[in-house]
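Thanks, everyone. Please have the sequence and the 3D view open, and follow along as I talk.

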Amino acid sequence: MTIDKNYRCKVRTPDDFDEFWGGVMSDVAAIPMNTTIEKDDLRSNEEVDVYQVFYDSLDNLRVSGWYAVPKGATGKLPAMIQFPGYLSDPMIPREWAAKGYACFSVNPRGKVRSRTQFDPGYPGLLTFGIVDKNSYSYRGFYVDAWRSVDFLLERPEVDASRIGGVGGSQGGGLAITAAAMRKEIRAVSISAPYLCGHMDAIELSHTYPYDEINDYLETYPERRKDVEETVAYFDGISFADKVTCPVIVNIGLQDNVVPPETGYAVYNAMSSKDKMFYEYDGHGHEAGKYIHGAIIDEFFETHLKGGE
Amino acid sequence: MTAQKPENFDAFWNYVDEDLSGIPLAPEIEPIPIRSNANADLYGVRITSVGPYRLFGYLSIPKGEGQFPAIFYTPKNGSVHEVIPQGTATAMRKRYVTFSIAARGMRNSDKPYAAMFPGQLTDGLESLDTYVYRGIVADTLRGLDYLVTRPEVDLSRIVAWGNDNALLVAARRSSITHVVSTPAYLLDTIEHALKTSSYPLAEFSDYLRLYPERKDDVVATLEMYNLRWHAESIKAETLIKADHATGIYNPGVLEVLESGIAGNVTVHESERSSSRDGLNGEKWLTANLIGADAELIIPEHWENHPQ
């Protein structure tokens, strides 16, 4: 199959998109963070101190995360948010800390260590409550991820003017929405972005996790219109025009999880004047990470450490 | 390499088998309509492992008559338990019976024991008697015990697919005819863990940093699981998916398995491309379980792969 680099997804931003998310943000703003942070000696090493973090989010749900800082650092640090993939367990971000960043790796609701109160499972998360925007799993899931900015803003060692975001797959999708909704994020790196062009993705490829939506629609065909309306509020493409910070995006042209067409579509929809796109032919869902890693490092060196 | 095969190696593993043989499988099977389709039906299966401990697995059976080759997805090191691995063409389910078992601690098998990730690999590591991995291997074996009871399965074509556990189950059960394995942590574990800060191997180096006085006991415990000692018991046709030359489990390090496994072994060095590596695995699987000229069932975007 040939990849259409000018592919346009079906999704259209709902007219009340800003109103909907404005209401959600107001709801969460009324919930105190109640942050706890505790040193984890088992996961700390010679270079990095690691902490277990918990805070409150939408629906008063307790969210966890891993926070890593370079040992012995003085002065304000540039900071990074590492957004998690769909299936993988959130990483302890020691590598980012070893590079000199204060890095927070967030575990939104349903992920390991954040699933006491909400646990739709895998498969399951992608379609939980999908008939309505107010019941959809990702309403809270997104907010949990975005609230990681508030955690970093509480930290005295973090330079609030130098916060970046990074993620692949679902982490890439979360990074798009976070950069759109939280202007404290000054630069963002997105790999193989999932959660973009949902209704196209389910036709372009037939693999899990997107096939969760196909399973759902085969079982409940009468709900298709409701599903389409719901995911439009959560589609990365609906958020893309709000992404104005420097951004880099990389995809693999043989991605079997996230159709590369949707990567082009969300990139083309981003408003940022400082954006770059990297495509890797002969690569799948890893999106050329062994080549691209150095590009990501240099991107953040430029945008978050430029003064050093 | 100074490691020695434990003197009580055979006794330890024979006791695991005896332990399992004393516990009825007690299967409970329920259809899962939302994951069933024109190609296959999906069922949730509950069976009992040592403890006793109740496990959950996803069983997919192709529509239609006949026996089918089977893919046994062994438990991985992670909390999430999938029907089939992410990114696999779902149409594979029309060709193969698939069974994916969640070991204790993983989702769907996490009551009463919910493992942490990272954390599972060092749970109880201070002694052979307390280490959680005995139960995880037993759970893997128990999953296979169930799969081979299914009349839909062609017993001459069962592949174990996964990480280290795929090799372990092939070592302990001759009913595994083929193996596709990506070793990740059970070959000479401590020797390699001390070279990296990346998980999952870093779980072990984290542990020894905090408890250095336990190193001898930890090494002794892990020798029981060391793939080096299990290799000679593996008679299956085997594909080993090795790291790239710069990785920990590169082809050179895995040579001990390549030469030690009794069955035919093919080693594929990672090309640092998930699609190239994945395509290689699917080609091997199809050629070995279906036939050299059989059509590949692969995800749409792998069809335009450059040579």
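What share of the contacts in chain B with a separation of 6 or more comes from residues 24 or more positions apart? The share is 67%. A contact here means two C-beta atoms, placed from the backbone, within 7 Å.

Some ground rules. This is a predicted model, where local features need pLDDT of at least 70, side-chain atom pairs count only at pLDDT 80 or more, and totals for chains, interfaces and linings use all residues. Residues are numbered from 1 along each chain as its sequence is written, while chains are lettered from A and ligands numbered from 1 in the order in which they are written.

Let's stay with chain B. It has nine helices and nine strands. Those are DSSP runs numbered from the N terminus: H or I over at least four residues for helices, E over at least two for strands. The C-alpha trace spans about 55 × 50 × 30 Å along its principal axes. Of its 307 residues, 47% count as buried. Buried means 20 or more other C-beta atoms within 10 Å of the residue's own, with C-beta atoms placed from the backbone; exposed means 12 or fewer, and partly exposed is in between.

Now the sheet of chain B. Nine strands form an open sheet with mixed pairing, in the order β1-β2-β3-β5-β4-β6-β7-β8-β9. Strands β1 (28-31) and β9 (265-269) of chain B are at the edges with a single partner strand each, so one side of each has no neighbour in the sheet. From one strand to the next, the twist averages 20°. Angles run from 0 to 180 degrees between N-to-C directions, with axes fitted as lines to C-alpha atoms, for helices over the stretch in contact. Pairing requires at least two DSSP bridges between two strands. One antiparallel pair is β3(B), residues 53-62, with β5(B), residues 97-102, joined by five bridges. There, B:Ser60 stands opposite B:Thr98. Helix α2(B), residues 133-147, packs on this sheet and touches β2, β3, β4, β5 and β6 of chain B. Its direction makes about 130° with that of β2(B).

On to chain A. It has 11 helices and nine strands. Buried residues make up 57% of chain A.

Look at strand β6(A), residues 158-168. Eight of its 11 residues are buried, so the strand is largely enclosed by the rest of the structure. Six bridges join β6(A) in parallel to β4(A), residues 77-83. A:Met80 stands opposite A:Gly164. Six bridges also join β6(A) in parallel to β7(A), residues 185-191. In that pair, A:Val166 faces A:Ser189 as its opposite number.

Next, β7(A) pairs in parallel with β8(A), residues 247-252, over four bridges. A:Ile190 has A:Val249 as its bridge partner. Finally, helix α11(A), residues 289-304, packs on the sheet, touching β4, β6, β7, β8 and β9 of chain A. Its direction makes about 175° with that of β7(A).
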